[in-house]
Amino acid sequence: MSWKIVTYSIIVAAFISSHATLMAQSWSFQTSPLVSGDTTEIGKVQFVSPTEGWISVGTGGRLLHSTDAGENWIMVTPFPDDTVWCSSDPAISMSWADQTHGWKINSFGSSFGTSYGVVIYQTADGGKSWQKKVLSTTKGDMGFQIQFVDVNHGWLLYFNFSTQAYTYLKTSDGGKNWAPFNGAGIFHFVDMNNGWAFYGFGMNGDQPPFKILHTTNGGTDWAEQFSDNSAGNYNAIFFPDTNNGWIVGDEGKVLKTADGGKNWNYVTNSGINPNDRSKTVFFLDANNGWISTKDENRYGVIQHTTDGGKSWTRQTTPLTNPQGGNAIFNIYFIDANNGWLTASNRKICHFTGPTGIEENNNFPNEFLLCQNYPNPFNPSTTIGYSIKKAGQVKLSVFDALGEMVAVIIDEYKPAGSYSVSFDGSSLPSGVYLYRLESGAYNASRKFVLLK
């Protein structure tokens, strides 16, 4: 049995919503600092705030870093003397739990056929300093996937191209210690317990049947949910919450679940050519999502839905070279109006939506917690708030008994106005309280989850 290594992404749903001015929706190129003649590719892109983002670079253990929403990217090389590389396609070699804690898995060597071990680079101070942990020095071992759902809980996968052996490791202490777990293919976790995985058969994992499995105990046990005997392997999986999930692949294949994988359905109206492949999928919540593909001219495009896949619209991109440069490796959106993608030939693109968000230079003169909208909601709602001075901000959800059931935000933020999406898929219907705390300020409001 062999599994094809593919991509995932993790969900962050916070954005600045201070002063909006109308502008046309568009994807546009951003400039990469990779010098002319550097043939390496870039892969995973993830933003840890509306302005700060990271991109994984394929060779040298490098990353790209931006603090201005991608207007400028700088090169970061944690260990310049190391000869390492990582896969850009699939783009699954980097993961950030928050603004300070990030991880990148690399392979010793310079390419697929020269790998001789696996190493993790990790930071706990937002990239100011890095540490490394060597996991293997075995010839043929290559690091492929790493994912963290918080600062403690993470999973990784590496593979030996000579022996076809897969190694799955997990950590509960932020990567200080790693222990084996029962892997089941390419995985995507939404919390420390709930995860999904898929695999195919054949040397490249591209032969049916293609299997989808689910774990509720962090990877200790897996239960098969779906077996797909049709042509077209899976390439990417994404769950924005414990109920709603998506898988995309070759032959125009798109699958969806709305009940945690108990039922998987083929999506036939996505607008993706049946002969084409999709390499990546990203959803902010149950409704808003993006899938990569190509149009009739072989140009890279994005299919976008705002209603959970009932309808789709096409977003064109500047990736218009049919001979190369238009294979989209990864997509990441911080909110519905601001997103980024990486593509072959080191291309970075930024999306600005039809109500493009601009920062308001007039800082709020008071703390404010707004009523959520919509209310009642099912399963997602948006909460707006303002803080008049920088500081630690915590936004929590409590049930009717006063028990905390979710922490939406717990991080340092500059003064400004913000909006954040909350998904209540894992909670029962009822009346809840959401509370904002920042310094001496404390305010609460009620909202209703109605399923």
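How many disulfides does the count come to? The count comes to 0 disulfides, where a disulfide would be a pair of cysteine sulfur atoms within 2.5 Å. This is a predicted model, in which local features need pLDDT of at least 70 and side-chain atom pairs count only at pLDDT 80 or more, while totals for chains, interfaces and linings use all residues. Residues are numbered from 1 along each chain as its sequence is written, and side-chain values use heavy atoms, with hydrogens and water left out.

- Cys-86 takes part in no disulfide, and the nearest cysteine sulfur, which belongs to Cys-349, is 20 Å away.
- Cys-86 is buried, at a relative accessible area of 4%; buried stands for under 20% relative accessible area, exposed for over 50%, and partly exposed for values in between, with a 1.4 Å probe and protein chains only.
- Cys-370, with a relative accessible area of 28%, is partly exposed.

- Four strands make up an open sheet with the order 4-5-6-7 and antiparallel pairing. Strands (E, at least two residues) are DSSP runs, as are helices (H or I, at least four), and they are numbered from the N terminus; two strands pair if DSSP finds at least two bridges between them.
- Strand 4 (42-47) and strand 7 (74-76) stand at the edges with a single partner strand each, so one side of each has no neighbour in the sheet.
- On average, neighbouring strands of this sheet are turned by 25° against each other, direction ignored. The axes behind such angles are lines fitted to C-alpha atoms (for helices over the stretch in contact), and angles run from 0 to 180 degrees between N-to-C directions.
- Within the sheet, strand 5 (residues 53-57) pairs with strand 6 (residues 63-66) over 4 bridges, in the antiparallel sense.
- Looking across to strand 6, you will find Leu-64 opposite Ile-55.

**Salt bridges**

- Side chains of opposite charge can pair when their charged atoms come close.
- The count comes to 9 salt bridges, each being a side-chain nitrogen of Lys or Arg within 4 Å of a carboxyl oxygen of Asp or Glu.
- One of them joins the side chains of Asp-38 and Arg-62, at 3.1 Å from N to O. The pair links distant parts of the chain, 24 residues apart: Asp-38 is in the loop between strand 3 (26-30) and strand 4, and Arg-62 is in the loop between strand 5 and strand 6.
- Asp-38 is buried at 16% relative accessible area, and Arg-62 is buried at 15%.
- Another salt bridge brings Lys-132 and Asp-82 together, with their closest N and O atoms 3.0 Å apart. Lys-132 belongs to strand 12 (residues 131-136) and Asp-82 to the loop between strand 7 and strand 8 (84-85), so the pair ties together parts 50 residues apart in sequence.
- Lys-132 is partly exposed, with a relative accessible area of 39%, whereas Asp-82 counts as buried at 16% relative accessibility.
- A further salt bridge connects Asp-250 with Arg-277, whose closest N and O atoms are 3.4 Å apart. Asp-250 sits in the loop between strand 22 (245-249) and strand 23 (254-257), and Arg-277 in the loop between strand 24 (265-266) and strand 25 (281-283), so parts 27 residues apart in sequence are tied together by the pair.
- Asp-250 is buried, with a relative accessible area of 10%, whereas Arg-277 is partly exposed at 41%.

**Cis peptide bonds**

- Asp-89 and Pro-90 are joined by a cis peptide bond with omega of about 15°. Look for Pro-90 in the loop between strand 8 and strand 9 (94-96).
- A cis peptide bond also runs from Asn-378 to Pro-379, with omega near -10°. Pro-379 has its place in the loop between strand 33 (368-369) and strand 34 (380-387).

- Glu-251, a residue other than glycine, has a positive phi near 55°. Glu-251 is in the loop between strand 22 and strand 23, and counts as partly exposed at 42% relative accessibility.
- Asn-345 is not a glycine, yet its phi is positive at about 65°. Asn-345 is found in the loop between strand 30 (338-343) and strand 31 (347-352), and counts as partly exposed at 34% relative accessibility.
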